[in-house]
Amino acid sequence: MLRLVPLGMLLLLAGPCARAQEVSATILGTVRDSSGASVDGAAIAIFDMDRDLIVRRLTTSLSGEYVAPLLPTGRYAVSAGASGFKTSSETNIRLNVDDRREVNLVLQVRGSSYETSVEA
């Protein structure tokens, strides 16, 4: 006996299968200063090392957190920077299917330098 299944039922059944075939991953983490305080508004750049391009730019939340979902599998570098701090980065982060890699970065305060000129 042949049964016809409504289109809506087929879509419901296909949904989980389609999601299982995604070939992406997520990088997430927290940016803190050297004292352990979170750095809000830090600029995050995620660089795809295999394709030689920046694939995502984002900013940390008030708690210093960031999330970059739906990244293709491959090798990545993550860098963070903020006003008054030196840039911090981590490279060779390998992402496989469905990975959730935590990349926490610490920013060091940029030292101030003064130049004094004495003329005689």
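Strands are DSSP runs of at least two residues, numbered from the N terminus. In this predicted model, strand β1 spans residues 24-33 and includes Ser24. Ser24 has a relative accessibility of 14% and counts as buried, because the limit for burial is under 20%. Beyond its neighbours within four places in sequence, Ser24 contacts Leu70 and Leu71, together with Asn96, Val97, Asp98 and Asp99.

Asp33 also lies in strand β1. This residue is buried yet takes part in no salt bridge, and the nearest side chain of opposite charge, that of Arg32, is 7.5 Å away. With residues up to four places away in sequence left out, Asp33 touches Val39, Phe85, Val106 and Leu107.

Four strands form an open sheet in the order β3-β2-β5-β6, with antiparallel pairing. Strands β3 (53-59) and β6 are at the edges, each pairing on one side only. Neighbouring strands of the sheet are turned against each other by 20 degrees on average, direction ignored. Strand β2 (residues 43-48) is joined to β5 by six bridges in the antiparallel sense. Within this pairing, Ala43 has Gly81 of β5 as its bridge partner, and Asp48 has Tyr76 of β5. The antiparallel pairing of β2 with β3 likewise runs over six bridges, with Ile44 opposite Leu58 in β3. β2 and β3 form a hairpin with four residues between them, and Asp52 in the turn has a positive phi of about 60 degrees.

The largest nonpolar core contains 21 residues. Ile27, Val31, Ile44, Ile46, Tyr66 and Val78 have the most contacts inside this core. At least two core residues come from each of β1, β2, β4 (65-72), β5, β6 and β8 (105-107). Not counting residues up to four places away in sequence, the contacts of Tyr66 include Ile27, Val31, Ile44 and Val78. Leu58, the residue opposite Ile44 in β3, is also touched by Tyr66.

Three salt bridges were counted. In one of them, the side chains of Arg51 and Asp48 meet at 2.4 Å, N to O. Asp48 is buried, with a relative accessible area of 0%, whereas Arg51 is partly exposed at 44% relative accessibility. A salt bridge also links Arg75 and Asp50, with the closest N and O atoms 3.0 Å apart. Arg75 lies in strand β5 and Asp50 in the loop between β2 and β3, so this pair ties together parts that are 25 residues apart in sequence.

Lys86 is found in the loop between β5 (74-81) and β6 (88-95). With a relative accessible area of 47%, Lys86 is partly exposed. The C-alpha atom of Lys86 is separated by 5.6 Å from that of Gln108, 22 residues apart along the chain. Excluding residues up to four places away in sequence, Lys86 touches Ala80, Leu107, Gln108, Val109 and Arg110.

Technical notes. Residues numbered from 1 in each chain as written. Predicted model: local features only at pLDDT ≥ 70, side-chain atom pairs only at ≥ 80, totals over all residues. Heavy atoms only, no water. Buried < 20%, exposed > 50% of the residue type's maximum accessible area, 1.4 Å probe, protein only. Contact = heavy atoms within 4.5 Å. Pairing = 2+ DSSP bridges. Axes fitted to C-alpha atoms, helices over the stretch in contact; angles between N-to-C directions. Lys, Arg positive; Asp, Glu negative; His and termini not counted. Salt bridge = Lys/Arg side-chain N within 4 Å of Asp/Glu carboxyl O. Core = buried A, V, L, I, M, F, W, Y, C linked by side-chain atoms within 4.5 Å.
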